[in-house]
Amino acid sequence: MAIDETRAFKPVNIALLTISDSRKAEDDTSGDILAQRIEAAGHTLAAREISRDDKNEIAAHLHRWIDDEMVDAVITTGGTGLTGRDVTPEALDRVKDKDIPGFGEYFRYISIESIGTSTIQSRACAVLARGTYIFALPGSNGAVKDGWDKILAHQLDSRHRPCNFVELMPRLRER
């Protein structure tokens, strides 16, 4: 896995949604980490919002961004655990066309290094919805660092070899 410096970097327009009943903009540390990493990588932070742990509210945010031609991908943080209020995967089910099962599988695999067997409590996942990627990460600072640094930084870099999500974007809406 390497960056092919002979290829052009293509910035991705990314919307960021923090899902929490308690976080506000002032204390959204996981959202701050992702926003900083998105911009440092050369991508555009197209939007950033906070949603309550409510399937309808989350799905409404996602639908709006899926329909926005200026948003290529959405990253969510929070709501992927096992408690009754953790409903992010269920909200993604309401908007998705296709699952991207390898994302959650690989996230849990890399999380073993950080949190051991506790990784089985994560329902991190990814879907494709009307040509827009949606990646759901847990809400902890460590989880968003792992998700960005070890997966998304590579797969959202058009120069990453042997393949990446960006090169598929022009074909995502094919029928």
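Predicted model: local features only at pLDDT ≥ 70, side-chain atom pairs only at ≥ 80, totals over all residues.
- Strands of a sheet pair through backbone hydrogen bonds, and the pairing can be parallel or antiparallel.
- Strand S2 (residues 13-19) pairs with S3 in the parallel sense, over seven bridges. Within this pair, threonine 18 has isoleucine 50 of S3 as its bridge partner.
- Strand S4 (residues 73-77) is also joined to S7 in the parallel sense, over five bridges. Here valine 74 has isoleucine 134 of S7 as its bridge partner.

**Strands S6 and S7**

- S6 and strand S7 (residues 132-137) pair in the antiparallel sense over five bridges.
- The two strands form a hairpin with two residues between them. In the turn, arginine 130 has a positive phi of about 50 degrees.
- Strand S6 (residues 125-129) is mostly covered, with five of its five residues buried.
- In a regular strand the side chains alternate between the two faces of the sheet.
- From S6, Cys125, Val127 and Ala129 point one way, while Ala126 and Leu128 point the other way.
- S7 has six of its six residues buried, so this strand is largely enclosed by the rest of the structure.
- From S7, Thr132, Ile134 and Ala136 point one way, and Tyr133, Phe135 and Leu137 point the other way.

- Strand S5 (residues 98-99) pairs with S6 in the antiparallel sense over two bridges.
- Aspartate 99 stands opposite valine 127 in S6.
- Aspartate 99 also forms a salt bridge with lysine 96, and their closest N and O atoms are 2.9 Å apart.
- Is aspartate 99 buried or partly exposed? Aspartate 99 counts as partly exposed because its relative accessibility is 46%.
- Lysine 96 is likewise partly exposed, with a relative accessible area of 28%.

**Other salt bridges**

- Aspartate 157 and arginine 159 meet through their side chains in a salt bridge, at 2.8 Å from N to O.
- Aspartate 157 counts as buried because its relative accessibility is 7%. Arginine 159, at 18% relative accessibility, counts as buried too.
- Salt bridges that share partners join Arg23, Asp28, Asp32 and Arg48 into one network.
- Glutamate 174 and arginine 171 meet in another side-chain salt bridge, at 3.0 Å from N to O. Glutamate 174 is partly exposed, with a relative accessible area of 46%.

**Cysteines**

- How many disulfides are there? The count comes to zero disulfides.
- A disulfide is a covalent bond between the sulfur atoms of two cysteines.
- Cysteine 125 is buried, with a relative accessible area of 18%.
- Cysteine 163 counts as partly exposed, at 42% relative accessibility.

**The largest pocket**

- Helix H4 (101-115) and helix H5 (141-155) are the elements that give two or more residues to the lining.
- H4 gives the most to the lining, with four residues.
- By class, the lining has six nonpolar, 16 polar and four charged residues.

Key
Residues numbered from 1 in each chain as written. Heavy atoms only, no water. Nonpolar A, V, L, I, M, F, W, Y, C, P; charged D, E, K, R; others polar. Salt bridge = Lys/Arg side-chain N within 4 Å of Asp/Glu carboxyl O. Buried < 20%, exposed > 50% of the residue type's maximum accessible area, 1.4 Å probe, protein only. Pairing = 2+ DSSP bridges. Disulfide = S-S within 2.5 Å.
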